[in-house]
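Good morning, and thank you for joining. I shall take the two chains in turn, then what lies between them. Please look at the structure as it comes up.

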Amino acid sequence: MKTWLKILAIGLLFYLHIGGMLFDVPRLNIVNETVRATYFHVPMWFGMCFLFSLSLYNAILYLRKPLAEYDVRAEAFAHVGLAFGILGILTGMIWANYTWGSPWHGDPKQNGAAIACLVYLAYFVLRGSVENHEQKARLSAVYNIFAFAAMVPLIFIIPRMTSSMHPGSGGNPGFNMYDLDSRMRLVLYPATAGWFIVGYWIASLRIKIKTIEEKLLDLEHETSR
Amino acid sequence: MKHLVKYLAALLLLFCNAAIAQPEKVEMADVMRSEGKIYVVVAIILVVLAGLIAYLFLLDKKLSKMEKLLHERQQTKS
């Protein structure tokens with residue numbers, strides 16, 4: 001990964017944390033100052049989707065051409081994506097406790113997000129339960145496609161079809177609630193870009209670890225022969 | 001007549017009330033902002049962020065070094 005990209009991401013994240021805390025936000029009832037949670041909570045989900053789609057892409061590449069490299073990349077992106085998703089659920093719970101009255105409100109958006117995270121957790125359970133490397137890679141690549149296809153409706157479609165209280169759901173798609181203010185976009189979108197890059201960066205470290213591990217195993221194999 | 005005046009007065013009051021209530025006061029952390037204490041919080045958050053990112057950088061460097069070392073060893077082997 002290029003160094004300038006990392007520095008750009010750091011700049012964006014600093015901008016997020018300064019702008020997210022200090023810039024003007026719309027004054028809304030009930031949410032009050034917690035509207036700022038948008039800046040920190042929403043990029044987690046966007047980042048998760050970005051990383052899961054990269055994982056899906058690599059899974060498809062693996063199915064087209066079974067190289068171990070694709071499998072390693074698919075696993076790493078899914079892993080970091082899941083971490084982002086868990087952070088998204090936790091930050092959402094803190095906000096829900098303040099705004100909705102309880103951390104777990106059983107809102108369709110919350111339930112959908114939790115199920116989506118469980119679906120991706122099962123991806124790692126599946127990987128852990130198959131011994132054979134090629135079989136593991138092939139099975140998990142196929143499962144990856146199903147997991148992605150389940151995640152999108154669970155998080156983005158079902159909450160909009162039912163009466164979710166989550167901002168942007170339940171009949172008002174997008175950021176309608178915040179449309180009063182395009183100022184918020186000025187922080188939210190750079191923040192999302194910053195987290196995209198940092199998520200990719202962390203995944204690239206995981207990929208490095210995995211490749212080093214495999215090389216080490218190869219070396220050991222050669223010396224033992 | 002008396003009733004009508006009362007009714008009109010009540011209506012007027014109601015409108016006045018609505019007019020006064022129009023610029024709704026939504027409570028925000030304005031005091032914290034005006035006192036400048038929010039900058040303390042921002043500074044703390046930035047320190048944590050900078051620390052974590054520096055850590056990530058060091059981790060990255062270490063892994064790259066390891067990668068290179070392994071590559072060299074592989075080449076000397078073959």
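Chain A contains 6 helices and 0 strands, where helices (H or I, at least four residues) and strands (E, at least two) are DSSP runs numbered from the N terminus. Along the sequence, chain A therefore reads α-α-α-α-α-α. This is a predicted model, in which local features need pLDDT of at least 70 and side-chain atom pairs count only at pLDDT 80 or more, while totals for chains, interfaces and linings use all residues. Residues are numbered from 1 along each chain as its sequence is written, chains are lettered from A and ligands numbered from 1 in the order in which they are written, and side-chain values use heavy atoms, with hydrogens and water left out.

Of the 225 residues in chain A, 48% are buried; buried means under 20% relative accessible area, exposed over 50%, and partly exposed in between, with a 1.4 Å probe and protein chains only. Taking contacts in chain A between residues at least 6 apart in sequence, 72% join residues at least 24 apart, a contact being heavy atoms within 4.5 Å.

The UniProt record, an unreviewed entry, annotates "transmembrane region" in chain A over spans including 45–64 and 76–100; such annotations may be inferred rather than shown by experiment, and their positions follow the numbering used here, with feature names shortened. In the model, residues 45–64 of chain A are 100% helix and 0% strand, with end C-alpha atoms 28 Å apart.

Where does Asp71(A) sit? Asp71(A) belongs to helix 3 of chain A, and it counts as buried because its relative accessible area is 10%. Beyond its neighbours within four places in sequence, Asp71(A) contacts Tyr62(A), Arg127(A), Ala137(A) and Ser140(A). His105(A), by contrast, lies in the loop between helix 3 (68–99) and helix 4 (108–129) of chain A. Its relative accessibility is 35%, so His105(A) is classed as partly exposed. Not counting residues up to four places away in sequence, His105(A) touches Trp100(A), Gln110(A) and Met165(A).

I turn to chain B. Chain B has 3 helices and 0 strands, and 14% of its 78 residues count as buried. Its accessible surface is about 6800 Å², of which carbon and sulfur atoms hold 70%.

Finally, the interface. Chain A contributes 27 residues to the contact and chain B contributes 28. About 2900 Å² is buried between chain A and chain B, 72% of it from carbon and sulfur atoms; buried area is the accessible area (1.4 Å probe) that two parts lose on being put together, summed over both. Across this interface there are 3 salt bridges, each a side-chain nitrogen of Lys or Arg within 4 Å of a carboxyl oxygen of Asp or Glu. One salt bridge joins Lys6(A) to Asp60(B), with the closest N and O atoms 2.6 Å apart. Lys6(A) is among the buried residues of helix 1 of chain A, and the cover over those residues includes helix 2 (30–34) and helix 3 (38–77) of chain B.

Technical notes
Accessible areas come from the Shrake-Rupley method with a 1.4 Å probe; for residues, only the protein chains shown count as cover.
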